[in-house]
Amino acid sequence: MKKLTKLFIILFLILFICACKDKKTEYKLIEITGEELVNNLYNNDNQKFIFALYNTDKKNADTFYQSLENLVNNINSDVYYVEYNHLDDESSFNLYTSDFGNFAENSYYLYEKGKITISSDFTDFAAMYKELKTITKTTSLNLVSAKTKEEYLKQADQLYREGQISQAFNYLNKAWNTEEAKKTYQNNKYYKLINSWEAYKFLDDQHKKVEYYSFFFISNVNYFYQIIVEDNYQDFEKPNDLSKYEKKYYYIKDDIIYISNYDNGKYKETYQIESINEERLTLIDIETKEKLNFAKRS
């Protein structure tokens with residue numbers, strides 16, 4: 001009987017040890033906000049973590065995201081990422097003034113005890129894996145509370161209803177890694193306006209003369225930049241000097257963009273939004289009744 005009991009104990013120990021060996025920590029690809037990234041970069045020198053800056057406008061965006069998913073399945077660390085196009089204004093400024101790389105590119109980094117020790121633009125999975133495969137003992141990030149993000153979303157909703165779209169967009173981005181923020185963005189079309197747009201209107205049947213429109217709507221301000229120029233189409237070069245653009249103040253109500261030359265000045269009904277998505281914008285000039293078909297400026 002004693003021998004049988006001892007045999008059961010030995011078998012149990014063997015099974016327990018095998019189970020422990022088979023148990024593998026599951027690491028994750030975790031989306032965070034710009035605010036959360038900045039907080040952990042500048043407020044805690046004891047942190048060690050891998051993070052990525054993910055720009056969906058880049059041609060390699062899909063490959064990069066898939067490679068990040070593959071990476072967490074092959075290294076002993078979580079990987080955090082921030083979506084470039086949904087950085088809040090303050091976080092964007094902090095990252096721009098940091099000296100650790102071109103964060104507009106799809107890129108990955110290792111932060112360790114107060115400094116960036118790896119900083120690379122993404123080329124392919126193999127190169128990324130080679131740099132990060134030995135990273136272990138990373139730390140978890142300190143995240144913004146769910147309650148605070150709920151407050152950001154309430155502020156975004158209030159500003160959106162007031163027609164202050166860019167300020168609303170900024171608060172939305174402060175909660176961007178929540179499911180509610182993404183649903184709000186998809187269900188409220190004016191958010192897509194925050195972008196750079198261009199349109200061409202030919203002035204003759206031979207398409208020799210063109211009128212070019214460029215509108216640049218940015219986050220967290222109640223104005224946008226515009227330039228409207230006439231030129232020969234064949235020799236035309238897009239204006240890139242922002243100092244030559246005009247600043248126009250605006251708000252939106254019932255698909256109408258109201259524009260003023262001054263902050264809190266006299267606003268005039270200027271354009272009607274006929275349609276908008278992330279790639280195309282169609283406006284009706286209320287004064288001339290002409291339709292302007294914009295595409296996102298690359």
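Start with a rule for pairing charges: a salt bridge here is a side-chain nitrogen of Lys or Arg within 4 Å of a carboxyl oxygen of Asp or Glu. By that rule, the structure holds 17 salt bridges.

Before selecting anything, note that this is a predicted model, where local features need pLDDT of at least 70, side-chain atom pairs count only at pLDDT 80 or more, and totals for chains, interfaces and linings use all residues. Residues are numbered from 1 along each chain as its sequence is written, and side-chain values use heavy atoms, with hydrogens and water left out.

**Stop 1: a buried pair**

Select Lys149 and Glu36. Their side chains meet in a salt bridge, at 2.8 Å from N to O. This pair ties together distant parts of the chain: Lys149 sits in helix α6 (residues 146-161) and Glu36 in helix α2 (residues 34-42), 113 residues apart. Helices are DSSP runs of H or I with at least four residues, strands are runs of E with at least two, and both are numbered from the N terminus.

Are these two buried or exposed? Lys149 is buried, at 6% relative accessible area, and Glu36 is buried too, at 0%. The cut-offs are under 20% relative accessible area for buried, over 50% for exposed, and in between for partly exposed, using a 1.4 Å probe and protein chains only.

**Stop 2: Lys296 and its partners**

Next, pick Lys296 and Asp57. They form a salt bridge whose closest N and O atoms are 3.1 Å apart. Again distant parts of the chain are linked: Lys296 belongs to strand β13 (residues 291-296), while Asp57 is in the loop between β2 (48-54) and α3 (61-72), 239 residues apart. Lys296 counts as partly exposed at 21% relative accessibility, and Asp57 is partly exposed at 46%.

Now select Lys58 and Glu105. These two form a salt bridge, with 3.3 Å between the closest N and O atoms. Glu105 lies in the loop between α4 and β4 (107-112), Lys58 in the loop between β2 and α3, and 47 residues separate them. Both are partly exposed: Glu105 at 26% and Lys58 at 29%.

**Stop 3: the largest pocket**

On a 1 Å grid over the protein atoms alone, a pocket is an open set of points where a 1.4 Å probe fits, with protein on both sides within 12 Å along at least five of seven lines; lining residues have an atom within 4 Å of a point.

How big is its volume? It comes to about 1300 Å³, where a volume is the space filled by probe spheres set on the points, and points are joined across faces, edges and corners. To see parts of the lining, colour α4 (89-96), α7 (165-173), α8 (179-187) and β7 (209-217), each of which supplies at least two residues. The lining divides into 15 nonpolar, 13 polar and 11 charged residues. Here Ala, Val, Leu, Ile, Met, Phe, Trp, Tyr, Cys and Pro count as nonpolar, Asp, Glu, Lys and Arg as charged, and the others, Gly among them, as polar.

**Stop 4: the second largest pocket**

Move on to β11 (268-276), which along with β7 supplies at least two residues of this lining. β11 gives the most, with 4 residues. The second largest pocket holds about 170 Å³ of space, and its lining has 3 nonpolar, 2 polar and 7 charged residues. Residues to click include Lys201, Tyr213, Lys268 and Glu290.

**Stop 5**

Go back to α4 and select Ser91, Ser92 and Leu95, which are buried. Seen down the axis of α4, the buried residues fall within an arc of 100 degrees, so they line one face of the helix; the arc is that of the directions from the helix axis to the C-beta atoms. These buried residues pack against α2, with contact meaning heavy atoms within 4.5 Å.

**Last stop: a loop residue**

Finish at Lys113, in the loop between β4 and β5 (115-121). Lys113 is not a glycine, yet has a positive phi of about 50 degrees. With a relative accessible area of 62%, Lys113 is exposed.
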